[in-house]
Every structure is written in structure tokens, then in C-alpha cells.
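User: I am new to this structure and would like a close look at one part of it. Please start at the surface and then walk me through the aromatic rings.

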Amino acid sequence: MPVLVDDAPRADGDVSLEAARPAAPEVTVRVVTQESAAIRRRRWPRPGNVLSTLVALALAVALFLVVGVMTGILSIANPFATTTIDRSPPAVLKQLTNLSTYSAAQGRYQQTIDVEDDVSILPSFLAGEHTVFLAQGSVDARVDFSGLATDAVHIRGDKTVSVTLPEPTLAKAVIDMHASRVASQDRGLLNRVGAVFSDNPNGEQRFYELAQKKLAVAAKRGDLVQRAETNTAEMLRGLLGKVGFTEVQVRFVQAPPAHERSGAGTT
């Protein structure tokens, strides 16, 4: 249909049809396909889905480890296990000594050490210590063959021999460290507090030394020396009897002091 355009001039009050018509808004069209929507969903996963996936994965790994350990397929070491490394140097030889003593008898003893340390001006619950120590140890009776005189062995005829030996002596008592222990120990309040702030590895040393002295006294009071003489005589009779002696006489005499034995050996 033809459109008539009026080109005649208009007065100031006249409004043209184009000016009175409002401007058309701009419209942007975006095309969203299914493929782009899927890519967007994969690029921005939801937090809830990620957490669920991680929890499920952790449970699966834990279940696999438990089943593997129970069935023996997996062997997992203890992560808290300790490893001991011994960096001790080899032993150094300090001295070699030729032994010429015969341990003829041994006595094993058990001694109870009951020691109480009191502080005179304070009651026992504040200061003081009461210890009961159970000690076990042994004492050997030995015969020293190193100081025999030239006439210690005397042969009479073909079948008789006499041997003169020094009397057996008692060795130092040896305390069994594994079998000895503190049975009970009562300390006052001040002693317990002091023990917390002080480290005394030799705290039981006094009980070991006291036990050694008491075991030595017990060995002297017993018949350990006489038993050692009997055992030594039987040993010599059996040994000399194998070489043809039918009568073996063994006599024990008091051993000379140590300085006399050393002096006799140097001449």
C-alpha cells in the first residue's frame, strides 16, 4: 500500500510521526545447546557431590586395607614401632690373667635387706625411707694351685702319693642382678618430692654392697670350706687313680700370706 509523505513544512507545534514513536529495545539472542549445558555442569560440580565421592572413596580404601590385613594379602607394619640401633664399640682387652685356681664348691644364698633411714626431728611420713631388698647371690670356695711348694707332691713306692695343698679360700660374693630386687619401699613426702627432681642411677648400689657383706658372713659360718676340701680330695683321687696310684693322700695347710707367696715366687 502506498505511503504518503508530507514534505510540507510544519509549524513548531507539530510533532512528526517518527519522533513520537518510541525507540525499539535491543535484543540479544543466545543459543544454548545440550552439549554446552553438559560441559557447564561438568566444569562446576556441586560441593555435595564432591564430598560424597571423597567419603565413598575413603571408605572403599579402608575396607580394602582391613580385608587385606585380615586375609593376609597385605602386611602393614606398625607405624609406631621403635627401632633400636646399637652403636657400642667393640670390647677392648685390658688384661690377660692366667688362672690356677680350682672352684671346688659354691654356695647360693638369699638375703633380705631391711633398712630404714629416719630423720630424728621429722616424722616418718614427712622424711625418711624404709626399704626391703631381696638379694640372691653366690660364693665360691677355691683352691689355689699357683703357690704349691716343690715338695707338695710326694710319691712313696709305686702306688702311693701324698699331696699338700693350701686351704680353700672364699671368693668375693657375687650378687645375681636379675634375681635381686626391691620388694617394698616407703618414702616420706620430702623424699618422694626430691626423687622427682633428682636422678640417682646408683640408688640401689648400697643394698648390693650390703648384701655382698652379709653373704660373705653367711659363707664363713657355713661348711663351704670343708665341702671344698672334700670335693678337691675326691677330684685328685680320681685323677691320680687313672695314672696308676691306688692310695692318694690329700692334706690341706694354712696358706701363707699373699706377700710371702709373691716373694717366694721371685727368688
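Analyst: On the surface, Asp 114, Glu 116, Asp 118 and Asp 186 come together as a patch of negative charge (residues with over 30% relative accessible area and no salt bridge, like charges joined within 9 Å; a salt bridge is a side-chain nitrogen of Lys or Arg within 4 Å of a carboxyl oxygen of Asp or Glu). This is a predicted model, where local features need pLDDT of at least 70 and side-chain atom pairs pLDDT 80 or more, while totals for chains, interfaces and linings use all residues. Residues are numbered from 1 along each chain, and side-chain values use heavy atoms, leaving out hydrogens and water.

The biggest contributor to the negative patch is strand β1 (residues 101-118), with three residues. Asp 118 belongs to strand β1 and counts as exposed because its relative accessibility is 56% (exposed means over 50%, buried under 20%, partly exposed in between, with a 1.4 Å probe).

Now to the rings. The whole structure holds two aromatic pairs (ring centres within 6.5 Å; planes under 30 degrees apart are stacked, over 60 edge-to-face, the rest tilted). Phe 133 and Phe 207 make a stacked pair, 5.7 Å centre to centre with 20° between the planes. Phe 133 is buried, with a relative accessible area of 0%, and Tyr 208 is buried at 12%. Phe 207 is buried too.

Note on methods: Patches are made of residues with over 30% relative accessible area and no salt bridge: like charges are joined within 9 Å, nonpolar side chains (Val, Leu, Ile, Met, Phe, Trp, Tyr) within 5 Å. Accessible areas come from the Shrake-Rupley method with a 1.4 Å probe; for residues, only the protein chains shown count as cover. Lys and Arg count as positive and Asp and Glu as negative; His and the chain ends are not counted. The place of a charge is taken as NZ of Lys, CZ of Arg, CG of Asp or CD of Glu. Helices (H or I, at least four residues) and strands (E, at least two) are DSSP runs, numbered from the N terminus. Rings of Phe, Tyr and Trp (its six-membered ring) pair if their centres lie within 6.5 Å; planes under 30 degrees apart count as stacked, over 60 as edge-to-face and the rest as tilted.
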